[in-house]
Amino acid sequence: DDPRIKGIKSKIRVVPDFPKPGIMFQDITTLLLAPNAFKDTIDLFVERYKNKNISVVAGIEARGFIFGPPIALAIGAKFVPLRKPRKLPGEVMSEEYILEYGSDCLEMHIGAVEQGERALVVDDLIATGGTLCAAMKLLERAGAEVVECACLIELPDLKGRERLNGKPLYVLVESH
Ligand code: PRP
Ligand code: MG
């Protein structure tokens with residue numbers, strides 16, 4: 001592992017029983033307070049994705065909006081926000097996904113991504129994988145090729161990776 005990963009992991013605060021009993025919340029706001037570790041995080045992704053002909057970085061609301069844009073700027077790609085419902089003013093395409101209780105939805109502006117573009121999907125964390133799965137479907141419906149999904153944190157016990165239909169997932173930190 002890259003020596004920077006230890007420092008990144010040490011800045012992620014784990015909050016037991018938030019937002020409800022039994023959940024170990026992975027709080028990345030403490031990483032944002034540590035500029036060196038935050039920069040190492042972005043640099044690790046940039047080192048991996050520069051020179052890969054990626055023209056789109058798609059970030060998932062809300063926490064994917066923190067990590068996606070600096071990566072996009074550094075690799076010379078556009079940034080496309082994948083938003084929660086009814087936030088985008090233009091014409092959208094939508095993908096619903098199932099949560100533990102009920103469902104949620106991601107939306108993307110039609111025309112933000114063109115046929116044949118190479119896309120990277122960015123979020124802070126993969127748990128069950130439902131969110132990343134919906135994000136990939138939106139990009140693929142728009143004709144883009146999803147090159148990889150990138151997250152800071154994976155909760156491997158939830159086996160979200162298995163829901164990605166073989167699409168590569170790159171994570172910096174695993175949390176059990
Ligand atoms: C969290 C996290 C991921 C998603 C992962 O977001 O930031 O986006 O859950 O879960 P999954 O792999 O089981 O789909 P959340 O929807 O809680 O909201 P936020 O990013 O807006 O805070
Ligand atoms: Mg999220």
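Figure 1. A pocket is defined on a 1 Å grid over the protein atoms alone, as an open set of points where a 1.4 Å probe fits, with protein on both sides within 12 Å along at least five of seven lines. The lining, meaning residues with an atom within 4 Å of a point, comprises 33 residues, of which R63, L125, A127, T128 and L155 are the closest to the pocket centre.

**Figure 2. Elements and residue classes in the lining of the largest pocket.** At least two lining residues come from each of β2 (24-27), β5 (92-98), β7 (118-126) and α5 (130-141). Helices (H or I, at least four residues) and strands (E, at least two) are DSSP runs numbered from the N terminus. β7 supplies the largest share of the lining, four residues. By class, the lining contains 16 nonpolar, eight polar and nine charged residues. Here Ala, Val, Leu, Ile, Met, Phe, Trp, Tyr, Cys and Pro count as nonpolar, Asp, Glu, Lys and Arg as charged, and the others, Gly among them, as polar.

**Figure 3. Ligand 1 and the shell of residues around it.**

Figure 4. A polar contact is a pair of N or O atoms within 3.5 Å. In the side chain of D124, an N or O atom is 2.6 Å from an oxygen atom of ligand 1. For the side chain of K84, the corresponding distance to an oxygen atom of the ligand is 3.3 Å. G130 takes part through a backbone N or O atom, which lies 3.5 Å from an oxygen atom of ligand 1. Taken alone, the ligand exposes 500 Å², and the protein buries 75% of that; accessible areas come from the Shrake-Rupley method with a 1.4 Å probe.

**Figure 5. Backbone geometry in the loop between β1 and β2.** Most residues other than glycine have a negative phi, and most peptide bonds are trans. D17, in the loop between β1 and β2, has a positive phi of about 60° although it is not a glycine. P19 is found in the loop between β1 (13-16) and β2, and the peptide bond from F18 to P19 is cis, with omega near -5°.

Figure 6. N51 is found in the loop between α3 (35-49) and β3; its phi is positive, about 60°, although N51 is not a glycine. A62 belongs to the loop between β3 (56-60) and α4 (64-75). The peptide bond from E61 to A62 is cis, with omega near 0°.

**Notes to all figures.** Residues are numbered from 1 along each chain as its sequence is written, while chains are lettered from A and ligands numbered from 1 in the order in which they are written. In this predicted model, local features need pLDDT of at least 70, side-chain atom pairs count only at pLDDT 80 or more, and totals for chains, interfaces and linings use all residues; side-chain values use heavy atoms, with hydrogens and water left out.

Terms used: A polar contact is a pair of N or O atoms within 3.5 Å; within protein, one must be able to donate a hydrogen and the other to accept it, and residues adjacent in sequence count only if both atoms are side-chain atoms.
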